[in-house]
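Hi everyone, thanks for coming. Let's walk through a model together, and please have it open on your screens.

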Amino acid sequence: MKRFESPKADLRDLKAEAVAGLLEWSADLVLVLDSQARVIDAAGNAETVDATELKRWRGKLWADLVTQESRGKLLALLDAALQLEPLQPNSSPKKAKVNERPLEHRETRLSEAKSSTAQQDALSTWRQLNHPIRDGSLPISYRVRRLHDEGPLLAIGRSMNAMVKLQQQFVQSQQQVEREFTRLRDLETRYRLLFQHSEDPLMLIDANSLRVIEANGACHEHFQWSGKRLSNKTLSSAIDAKGQRSIRNQIDQLRASGQAESQRVRHAKNKDEYLASVQALRHEGQIHVLLRLAPESSLRVADRSQLQISQAWFEHAADANVICDSQGDIQKANSAFLEMIRLPHEGLVRGESLARWLGRGVVDLDVLISGLKQSRSLRHYQTSVSSEFSSPIEVEISAAYLDEQAKSLGLTIRSSLSRAAAAPARGPALSRSMEQLSELVGSVSLKDLVRESTDVIERLCIEAALEMTKDNRASAAEMLGLSRQSLYTKLRRYGLAEYENSQDHTVQSD
């Protein structure tokens, strides 16, 4: 520590109040202790410790004001203070005797040098003590110095709150880093297990050079790679030239749109086929590609198994299943449909129009096809199915297109209740209308009564047709044998506003 060169000239004779003011201003906490280390007086910064807390400390042993683990450091502070010369000694040190032997003189000088070194260590030593307070713990770093030979001790403290908070934040950050490191290591272990135990060849390649960076065991098995070093391996040792161009095109698609379609590639030697799919990964500023090669043989086995399951479901389903082309001609039908129309084998229906067995014939088929063109699927269409050898059966049809090009459609035909039971909403309305008409007998002529009955029946038939065709006016008009313009005229006549308001512009322009 660098000391003042002329403290007497610079500071002169400072009074006790001035020294106390300097101590209060320069230190966060100052304690005045007696020879038994009991607190005589205390002063401190209000931001460090509350004034009421300092008043509570007065008259208590310093050792009782610190935590148990801090008492050893407190004793070390007091021992260091006793090794230092007091700030104001009572008398000057005694002069050494002239007639002392040279050997004793050298030993004295050596002991003085050791004492000076110990004093320097004591002066430069700060020790942290923790004070228990109401809000937790108060960390203070202290130095202690004697004022006189037999006088009080002066303990100067610095608050370590900021340092402790930084230490706590550092420890919490370190713990968080360790937790994240453990989590990432577990994730790496899991994904490496998945990578290595995948049955399909997986490899990580460089997007520019197609150099193999990492490959799983399936790659070594399929392409006869030996050893774990892949620094000299490129995609050319696994895939033929045409397949490499396909993979480069996939990588270009990834860079352009973030997605790439799977491509079929061939083995470089035995010409086995694979379905190649790529996924981009960014690592340390470079783009790597995860390449998955699914063997064509396994794909064929999986597709064949899935096809067998689908065929078994189609054939053994409890409901009647029919597959038709876009014109309604039957391509395939299951046993339930053959049982419904009382025919012995599928060859009798294949190539025939489904309208042959529908209750309203071509009208029902046109309604189904037009409804599918609008919504791609149709549910709960009610009609009947009959044949030359059986009476009509009330059925409910659900239909949907089986491909994107709408070249084939699938229908599920399920037996249902009678139309009257299936649509109970129209029964009471019809009964009420008939009751109202019967009440008119005797009050109006028969001609007017017949005309009124005809209007009621015509309105009910129009409502039923619109309900069965899901509000498709063109199909409803065809089902009723009317033109669309005639249908709209009757809608306006009977005040069916909800149907009138939804008519399309093509009909209005007729």
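Here is a question to begin with: are α15 and α16 roughly parallel or roughly perpendicular to each other? Before I answer, a word on where this comes from: the model is predicted, so local features need pLDDT of at least 70 and side-chain atom pairs count only at pLDDT 80 or more, while totals for chains, interfaces and linings use all residues. Residues are numbered from 1 along each chain as its sequence is written, and side-chain values use heavy atoms, with hydrogens and water left out.

Now the answer: α15 and α16 are roughly perpendicular, a term for angles of 65 to 115 degrees. Helix α15 covers residues 473-480 and helix α16 residues 484-493, and they pack at about 95° with axes 9 Å apart. The axes are lines fitted to C-alpha atoms, for helices over the stretch in contact, and angles run from 0 to 180 degrees between N-to-C directions. Helices here are DSSP runs of H or I with at least four residues, and strands are E runs of at least two, numbered from the N terminus.

Who touches whom? From α15 we have R473, A474, A476, A477 and L480; from α16, R484, L487 and Y488. Contact means heavy atoms within 4.5 Å.

Next, please find the open sheet. Its 5 strands come in the order β12-β11-β15-β14-β13, with antiparallel pairing; two strands pair if DSSP finds at least two bridges between them. At the edges stand β12 (330-333) and β13 (377-387), each with a single partner strand, so one side of each has no neighbour in the sheet. On average, neighbouring strands are turned by 30° against each other, direction ignored.

Inside that sheet, β11 (residues 320-325) and β15 (residues 408-415) are antiparallel and joined by 6 bridges. Lying across β13, β14 (390-401) and β15 is helix α11 (residues 362-375), which runs at about 165° to β13.

Look for L31, which stands opposite A42 in β2.

Key:
Parallel < 35°, antiparallel > 145°, perpendicular 65-115°, else oblique.
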